[in-house]
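Me: I have just opened this one and would like a walk through it. Could we go step by step?

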Amino acid sequence: MANKRMFDKSIIDSDQFLDMPLTSQAVYFHLNMRADDYGFVDNWKSTLRIIGGKEDDIKVLIMKKLIIPFKSGVIVISHWKLNNNLQKDRIKSTKYIDELRHLKLNENKEYELIDNDEESNILLETSIKETPEWQKKRDDAYKNSSLPYSFLYKIRNSFDNEICPVCGKLMRINSGIKGNMPSIQHLVPISKGGVHELDNIAVICYECNNAIRDEIINEKLNSDLVKKKWEFLSRATSGYVDKNSIDKNSIDKNSIDKNSIDKNSIEVYSSAKAEQCEPKMKEIIDYLNFKTNKHFKYTKNNINKIKTRLNEGFSIDDFKIVIDKKTNEWLNDKNMNTYLRPETLFGNKFESYLNQRETILTTKDIPIDISDF
Ligand SMILES: [Zn+2]
């Protein structure tokens, strides 16, 4: 990608251009500077963030036909070839061959979509964020549940080395094979009115979960074991009992198959105790794990980051807002996903994350977690 870009005066002097708000004009210039040698920009959301632009600016540019959006989330500068006169032997090829196939250059050297009218309308709609119905239902079910956010990852962890009640294979958390991972199956799927409560939850392998999707299951599967494990896990992490009394008193040994108790529960408990993790810090880490599907523990480093921000006067809700905003933005971004961690989120940029504007999600960004149907 070249470091210098050109602009054709006939574009930026046109009424069409000058009638736009200054922020939209600024977004246009910045997009041009960041486009590849064919005029494609895939990171336009970060461009918006950098200059404080709004999704409305993108909509204005689309309506003024200054940019063309694609379903893939990429956009292209319509007048790229007019603006830039790059020498053929210096042009680097573009990654966006599929998108390029849908474009033609008209007599004015503007990019145009080949199936113009119909397609651009669809594209316009799909480039604006909308939370799908199933996702709303799922969020509601989790919100109304008596189970804490930490339930999901704790219970999945506790089924490491257990047999999938559907296909009989050994479920593993860290085998590196996604199909083997334990995943939550709602017996009556949330999409069909099921609740996110113990009576309605089994843990089966990801592969079976994927095959069943949102069909109703008329068996209990291993939901009784889920209950027992959760009973144990919540006792172990409640902080009211110590490890010794768990072994001696709290558990009815006959009621729990010894092998079904996972080491993780003890680890969670002991690390929490060792670092004197307060409930609100736990809540924050649990919420982060719930949203990201990761397994951060109550370690000293993580807790200290949170403590620092709490001491500065930020509230638990502030933490949740930051977690929500950044997971929306980064969860499905291969490069950024690793930054969904306490170190980054709760570090020095915390306040700017908290105040950042919501970014537009394209349909390709909407997280689809089939393990939670
Ligand atoms: Zn299975």
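Me: Is K109 buried, exposed or partly exposed, and how many C-beta neighbours does it have inside 10 Å?
Reply: K109 counts as partly exposed, because it has 14 C-beta neighbours inside 10 Å; a residue is buried with 20 or more other C-beta atoms within 10 Å of its own, exposed with 12 or fewer, and partly exposed in between, with C-beta atoms placed from the backbone. Please keep in mind that this is a predicted model, in which local features need pLDDT of at least 70, side-chain atom pairs count only at pLDDT 80 or more, and totals for chains, interfaces and linings use all residues. Residues are numbered from 1 along each chain as its sequence is written.

Me: And where is the place of K109?
Reply: K109 sits in the loop between strand 4 (103–105) and strand 5 (111–113), where helices (H or I, at least four residues) and strands (E, at least two) are DSSP runs numbered from the N terminus. Its phi is near 65 degrees, a positive value in a residue other than glycine. Most residues other than glycine have a negative phi.

Me: Which loop holds K65, and what is its phi?
Reply: K65 lies in the loop between helix 5 and strand 2, and the phi of K65 is near 60 degrees, again a positive value in a residue other than glycine. K65 counts as partly exposed, with 14 C-beta neighbours inside 10 Å.

Me: Moving on, what about I67, buried or exposed?
Reply: I67, which lies in strand 2, is buried, because 25 other C-beta atoms lie within 10 Å. Leaving aside neighbours within four places in sequence, I67 is in contact (C-beta atoms, placed from the backbone, within 7 Å) with L31, L61, I62, I75, V76, I77 and S78.

Me: What does L31 touch, beyond its neighbours within four places in sequence?
Reply: L31 is in contact with V41, W44, T47, I67 and I77.

Me: At what angle do helix 3 and helix 4 pack?
Reply: They pack at an angle of about 130 degrees, with their axes 10 Å apart; axes are lines fitted to C-alpha atoms, for helices over the stretch in contact, and angles run from 0 to 180 degrees between N-to-C directions. That makes helix 3 oblique to helix 4, since angles under 35 degrees count as roughly parallel, over 145 as roughly antiparallel, 65 to 115 as roughly perpendicular and the rest as oblique. In this contact A26, V27, H30, L31 and R34 of helix 3 meet W44, T47, L48 and I51 of helix 4.

Me: And how do helix 15 and helix 17 pack?
Reply: Helix 15 (residues 279–292) and helix 17 (residues 316–330) pack at an angle of about 15 degrees, with their axes 10 Å apart, which means that helix 15 is roughly parallel to helix 17. K280, E283, I284, Y287, L288, K291 and T292 in helix 15 meet I316, F319, K320, I323, D324 and T327 in helix 17.

Technical notes:
Two residues are in contact if their C-beta atoms, placed from the backbone, lie within 7 Å.
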